Amino acid sequence: MPRPRRHRQIWSSFDYDYWRPCATCLEDRGEVVLKMEEMESIRLKDHLGMDQREAAELMNISQPTFHRILAEARKKIGCALVCGKAIRIHGGTYEMAVPPGRKFRCYDCQHVWEVAHGTGRPLNCPNCGSVKIRRAEDDRGYDRSGSGAHGRQGMHGMQ
Ligand SMILES: [Zn+2]
């Protein structure tokens, strides 16, 4: 299937866009350039601990695309750490996501959706109809320590 040139949604701007290892301050070992969407994939998956499906959904891309972006990001960061290169966060194919309304998440099917401000709290998951829903922003902490949703550790492999 031909891949449409889709802009990846980025939900966070980053305060830092350049890292440089101390030991090489006087010695330039070069740098790797981490694209904005690669940084975002690291933020969502590795920093916030989201599962891949949710992260891909937030970035408006498919899971395989997310996986590819994340793998590339990890490879670059690994290269920088091992070889003492600087990391520059720059460029990519992305757009800043519009400021979100309220996000809700379904505990049953993990569907995440957005509800505009000023409308009432939804009663059901629009995907599966479950009433076990909750504000998505509020549950990040729990979710990571929970047992169910993130049990697919086998998916983390790089192959
Ligand atoms: Zn649901």
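Modeller: This is a predicted model, and we can begin with one word: a residue is called buried if 20 or more other C-beta atoms lie within 10 Å of its own, exposed if 12 or fewer do, and partly exposed in between. By that rule, the buried residues of helix 3 are Phe-66, His-67, Ile-69, Leu-70, Ala-73, Lys-76 and Ala-80.

Biologist: Which elements do the buried residues of helix 3 pack against?

Modeller: Their partners are strand 3 (31–34), helix 1 (36–47), helix 2 (52–58) and strand 4 (86–89).

Biologist: How do you know that the span of helix 3 agrees with its number of residues?

Modeller: Helix 3 covers residues 63–83, which is 21 residues, and at 1.5 Å a residue it should span 30 Å. The expected span uses one less than the number of residues. After helix 3 comes Gly-84, which has a positive phi near 70 degrees.

Biologist: Why is Asn-60 called partly exposed?

Modeller: Asn-60 has 16 C-beta neighbours inside 10 Å, and because the label buried needs 20 or more while exposed needs 12 or fewer, Asn-60 counts as partly exposed. Asn-60 sits in the loop between helix 2 and helix 3, and its phi is positive, about 65 degrees, although it is not a glycine.

Biologist: What makes Gln-110 partly exposed?

Modeller: The reasoning is again a count: Gln-110 has 17 C-beta neighbours inside 10 Å and therefore counts as partly exposed. Gln-110 belongs to the loop between strand 6 (102–106) and strand 7 (112–115), and it too is a residue other than glycine with a positive phi, near 70 degrees.

Biologist: Why does Ser-13 count as exposed?

Modeller: Ser-13 has 9 C-beta neighbours inside 10 Å, and since exposed means 12 or fewer, Ser-13 counts as exposed. Ser-13 lies in the loop between strand 1 (8–10) and strand 2 (18–19).

Biologist: Which residues of the largest nonpolar core touch the most other members?

Modeller: That core has 18 residues, and those touching the most other members are Leu-34, Ala-55, Ala-56, Met-59, Phe-66 and Ala-73. Strand 3, helix 1, helix 2 and helix 3 each give two or more residues to this core, and helix 3 gives the most, with 5 residues. In soluble globular proteins, nonpolar side chains tend to be buried together.

Key
Residues numbered from 1 in each chain as written. Predicted model: local features only at pLDDT ≥ 70, side-chain atom pairs only at ≥ 80, totals over all residues. Helix = DSSP H or I, 4+ residues; strand = E, 2+ residues; numbered from the N terminus. Contact = placed C-beta atoms within 7 Å. Core = buried A, V, L, I, M, F, W, Y, C linked by C-beta atoms within 7 Å.
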